[in-house]
Amino acid sequence: MNRDWQKDPRLKSMAPEKIRFLADFADQLNSTPKDQILPRFLSLTAEIGSKNISFSPEETGLLTDILTEYLSPADKSRLDMFRMLSQKASPGSRHRQG
């Protein structure tokens, strides 16, 4: 697995337990069949919650960068759609009516 992500400057401000979590996740992706990578990523949300870890939008971006290295173009499109829908549904997004 390519470990260039570990040199990313965004990691400098990230808590060590989050970096370990990312490293473990990246290692898991290494042994995950390609057709199971996207479902594995989507199940990651529950795993994060069970460990009481939260990621900022920047940290989530890094996690996504790691994942997309392994995705097929079709799965990248599905992930982009999922991310777009998640952003629209997030509590911080506001929709104006009127």
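Asn52 sits in the loop between helix 2 and helix 3, where helices (H or I, at least four residues) and strands (E, at least two) are DSSP runs, numbered from the N terminus. The model is predicted, so local features need pLDDT of at least 70 and side-chain atom pairs count only at pLDDT 80 or more, while totals for chains, interfaces and linings use all residues. Residues are numbered from 1 along each chain as its sequence is written, and side-chain values use heavy atoms, with hydrogens and water left out.

The phi angle of Asn52 is near 55°, a positive value in a residue other than glycine. For background, most residues other than glycine have a negative phi, and most peptide bonds are trans. Is Asn52 buried or exposed? Asn52 counts as exposed because its relative accessibility is 75%; buried means under 20% relative accessible area, exposed over 50%, and partly exposed in between (1.4 Å probe, protein chains only).

Stepping back to the whole protein chain, there are 4 helices and 0 strands. Read along the sequence, the pattern is α-α-α-α. The protein chain has 98 residues, of which 32% count as buried. Contact here means heavy atoms within 4.5 Å. Among contacts between residues at least 6 apart in sequence, 61% join residues at least 24 apart.

The next topic is the core. A nonpolar core is a set of buried Ala, Val, Leu, Ile, Met, Phe, Trp, Tyr and Cys residues joined through side-chain atoms within 4.5 Å. Which members of the largest nonpolar core touch the most other members? Among its 21 residues, these are Trp5, Leu22, Leu44, Ile48, Phe55 and Leu63. At least two residues of this core come from each of helix 1 (16-30), helix 2 (37-50) and helix 3 (57-68). Helix 1 gives the largest share, 6 residues.

Phe55 also belongs to the 1 aromatic pair that the structure holds. Its partner is Phe21, and the pair is tilted, at 5.9 Å centre to centre with 45° between the planes. By definition, rings of Phe, Tyr and Trp (its six-membered ring) pair if their centres lie within 6.5 Å; planes under 30 degrees apart count as stacked, over 60 as edge-to-face and the rest as tilted. The pair links distant parts of the chain, with Phe21 in helix 1 and Phe55 in the loop between helix 2 and helix 3, 34 residues apart. Both Phe21 and Phe55 are buried. Leaving aside neighbours within four places in sequence, Phe55 is in contact with Met14, Lys18, Phe21, Leu22, Ile48 and Thr60.

A pocket is also found in this model. On a 1 Å grid over the protein atoms alone, a pocket is an open set of points where a 1.4 Å probe fits, with protein on both sides within 12 Å along at least five of seven lines; lining residues have an atom within 4 Å of a point. The largest pocket holds about 550 Å³ of space, the volume being the space filled by probe spheres set on the points, which are joined across faces, edges and corners. Its lining counts 18 residues, with Phe41, Thr45, Thr60, Thr64 and Ser86 nearest the centre. Helix 2, helix 3 and helix 4 (73-89) each supply at least two lining residues. By class, the lining has 9 nonpolar, 8 polar and 1 charged residues; Ala, Val, Leu, Ile, Met, Phe, Trp, Tyr, Cys and Pro count as nonpolar, Asp, Glu, Lys and Arg as charged, and the others, Gly among them, as polar.

Thr64 lies in helix 3 and is buried, with a relative accessible area of 4%. Leaving aside neighbours within four places in sequence, Thr64 is in contact with Phe41, Leu79 and Arg83. Gly61 is also placed in helix 3 and counts as buried at 16% relative accessibility. Gly61 and Arg10, 51 residues apart in sequence, are 9.6 Å apart in space, C-alpha to C-alpha.
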